[in-house]
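Biologist: I would like to learn how to read contacts in a model. Can we go through some together?

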Amino acid sequence: MSGDNDQQQPDEIRGTARGDAPVPLSVLDLVTVGAGSSATDAVRTAVDLARLAERRGFHRYWVAEHHSMPGVASSSPAVLLAHLAAHTDRIRLGSGGVMLPNHAPLVIAEQFGTLEAMAPGRVDLGLGRAPGTDGATAAALRRTERLHEGADEFPQQLSELTRFLDDTFPDGHPYARIHAVPGPVQATSPGGVQSAHRPPLWLLGSSGFSARLAGTLGLPFAFAHHFSAANTVPALDLYRASFRPSEVLAEPYALIGVAALAAEDEREARRQVMTGALSMLRLRTGAPGLVPSPEEAAAYPYNSHERDFVDNWLATIVHGTPDAVRQGLDDLAKRTGADELMLTANAHGGATRLRSYELIADAYGLPRG
């Protein structure tokens, strides 16, 4: 691996731990819509959160593709990221992730080439294999009843996307004369001055498939601990065991998504995370809706089965006072060996989520910027 690539790593992939944090801290924003608020409110909160994250020294800010979920306003990551790029200056912005089987690879290459032109050198392209929704919605997105998520098809889609991003289809390939624009072809055209740089690829996963593929390809890996906690350590172990050095990375680099919410006291933190727990319960039982208010979550008549689900869900969320959240995150980083923690706060109100990130930043002594 060349010295030039080594110098690029801190900017492109490897973050720097700030303050007393054990590893770099980042943000995953689901751009949630609470009962009594609108998608416009959620997008405004997203801008406020991205600015806060930039000011306080969080390394990156990602949004995730979800569909047909009233409580989530992030169906179009590329559009959101363009808006956020216009309101930030330094923080890395990216997808956590774009669901590759939902889209033609050329479309993704064009979208993220455009984002790279808007925010040069600070865009990440995280890719997932799941649809980010139910099967019927996925079929509507893809205009087919056959969902292309097989082990054989995803690597092929990934290879096609990579070739579009790098403009490297070989002579004789049906796509050899097709170029993703903005992209490297503009750097090699007569008079071209466009940078050939393109966003780094990340693979996302909640099981072993993407962990192994990311390792085999030498790519950074993001694991969804926030909804698949039981699989976190096995998946990271598989990623590290499968890892082969590449032009991108000499050593494995893995971040994990962590549900975390801090409040001034433990009781208030519990009150707030219950809103996300009820929202998830409704999603899992086929009745997704807006994120309920704390009052609605407290008054909900949970049966024994629902109570067990909520208790198990809450056990995966790091929540409480700022000191308690710091301790929980420290323990998680140590237990998993994750290279980066990406925090997501799923609660009813935007002000609650913003306050949580401020409190966590204060607990770690992150810069105030």
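Biologist: Which residues in H13 meet which residues in H14?
Modeller: First, a caution: this is a predicted model. From H13 come Pro-322, Val-325, Arg-326 and Leu-329. They meet Leu-359, Ile-360 and Ala-363 in H14. Six of these contact residues are nonpolar, none is polar and one is charged.

Biologist: How are two packed helices described?
Modeller: By the angle between their axes and the distance between the axes. Here H13 spans residues 322–336 and H14 spans residues 350–363. They pack at about 70°, with axes 9 Å apart. That makes H13 roughly perpendicular to H14.

Biologist: What describes a pair of aromatic rings?
Modeller: The distance of the centres and the angle of the planes. The whole structure holds 12 aromatic pairs. Take Trp-202 and Tyr-253: their centres are 6.0 Å apart, with 75° between the planes. This pair is edge-to-face.

Biologist: Where do the two partners lie in the chain?
Modeller: Trp-202 is in strand E5, and Tyr-253 is in the loop between helix H9 and strand E7. They are 51 residues apart.

Biologist: Is Trp-202 buried or exposed?
Modeller: Trp-202 is buried, at 0% relative accessible area. Tyr-253 is also buried, at 3%.

Biologist: What sits over the ring of Phe-209?
Modeller: The charged end of Arg-129, 4.0 Å from the ring centre.

Note on methods:
Residues numbered from 1 in each chain as written. Predicted model: local features only at pLDDT ≥ 70, side-chain atom pairs only at ≥ 80, totals over all residues. Heavy atoms only, no water. Axes fitted to C-alpha atoms, helices over the stretch in contact; angles between N-to-C directions. Helix = DSSP H or I, 4+ residues; strand = E, 2+ residues; numbered from the N terminus. Parallel < 35°, antiparallel > 145°, perpendicular 65-115°, else oblique. Contact = heavy atoms within 4.5 Å. Nonpolar A, V, L, I, M, F, W, Y, C, P; charged D, E, K, R; others polar. Phe/Tyr/Trp six-rings, centres within 6.5 Å; stacked < 30°, edge-to-face > 60°. Buried < 20%, exposed > 50% of the residue type's maximum accessible area, 1.4 Å probe, protein only. Lys NZ or Arg CZ within 6 Å of the ring centre and 35° of its normal.
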